[in-house]
Every structure is written in C-alpha cells, then in structure tokens.
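Me: I would like to learn how to read this structure. Please take me through it feature by feature.

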Amino acid sequence: FILATTDPQNLPITILSRCQRFDFTRIKNTDIFERLRKIVKEQGVFADDRSLDLIARMSDGAMRDALSVLDQAISMGSGKVEYDEVIRMLGLVTNDNLLKLTDAIIDKNIEQSMKLVEDIVLNGKDIYNFIKDITIHFRNLMMAKISQSPEEILDMSLENIELLKE
C-alpha cells in the first residue's frame, strides 16, 4: 500500500508511525534540460537550447510537467520546438517586457507601468504567470545587486544577468 500526500503533517501519528517516508524533491533545471535534450535528439526533433531551457525553468522542478510542455510544443510546432512559440503557447511575458516595466517603476512613471501591464493582459498573457515572473524578476534584480557572483546564484544566461546588473 502506498500513501502519497503533500501534507504529511496532517496525518495522524498512528499512521505515520507505520509508514516508511520518502520525501521527493524538485529536479534541477539542468537535469530536466539534459533529459529534454536527449528526448528531442532521439525523436529527431529540432529544438534550440533556449526553448528547452525555458521549458525546464517553467516546469518548476517537475519532470512530468516538462515532458507535457515539450510534447505540446512539438505538436504545435509541427516537429520542431521554437522559443517564440513556446513563449506564446505558455502565455509568458518576455524579459524585455519585465525590464521595461522595471524601468517604468524606477522612473516612477505610473502611466507607462499601467500601459505595460494592460498590454500584457490584452495580449492574452496569463496574469498569474506574469505575477510569478515579476516576483522572480525582482528577486533576481536584488540578487544581481547584492551578490559578488550572481551567475552562481541565478539560473539564467550571462547575457540576462548583465541586463539585470545594468
């Protein structure tokens, strides 16, 4: 008998004392990326590294989610996985939009900030993903500002880290 739960603290001690416990952790983005790379190579599907890296990051440590997104991207891309299509498929906001919004906030330009958010919503982007993305973006900005070596902390390209530092 297998008992799986995301809230083991809610189980009575009488049950917990009779169970072996295995805590699963998230899979590293690099490991997910490598697995996706292997899959597309075996399938003979073209997929650039940016696309696979994006899928790995968006899966948030869950291989099953990464495989589902990859499968959907392959289906929608007629046998190839392209970065812009993955962004469109997932309803994501690009780093460019996040940087523009950050600049507007720094400049205290409320009108521009509101226009950018409205454009994001009107273009069909998922607002919940946007909120998550902007939160991660501000965290990354803080890490780029305070860390001597942000490339060791941040899971992003050196090019994007330089943009954050700027």
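Me: Is E111 buried or exposed?

Reply: Buried means under 20% relative accessible area, exposed over 50%, and partly exposed in between (1.4 Å probe, protein chains only). E111 is exposed, at 54% relative accessible area. A caution on the source: this is a predicted model, where local features need pLDDT of at least 70, side-chain atom pairs count only at pLDDT 80 or more, and totals for chains, interfaces and linings use all residues. Residues are numbered from 1 along each chain as its sequence is written, and side-chain values use heavy atoms, with hydrogens and water left out.

Me: Which residue forms a salt bridge with E111?

Reply: A salt bridge needs a side-chain nitrogen of Lys or Arg within 4 Å of a carboxyl oxygen of Asp or Glu. Here the partner is K115, at 3.4 Å from N to O. K115 is partly exposed, at 41%.

Me: How many salt bridges does the whole structure have?

Reply: The search finds 10. Among them is K100 with D96, at 3.5 Å between the closest N and O atoms. Another pairs E82 with K80, at 3.2 Å.

Me: How many helices and strands does the protein chain have?

Reply: Helices (H or I, at least four residues) and strands (E, at least two) are DSSP runs, numbered from the N terminus. The protein chain has 10 helices and two strands. Its radius of gyration is 19 Å, well over the 15 Å that the globule rule gives for 166 residues, so the chain is more spread out than a compact globule. That radius is taken over C-alpha atoms, and the rule is 2.2 Å times the number of residues to the power 0.38.
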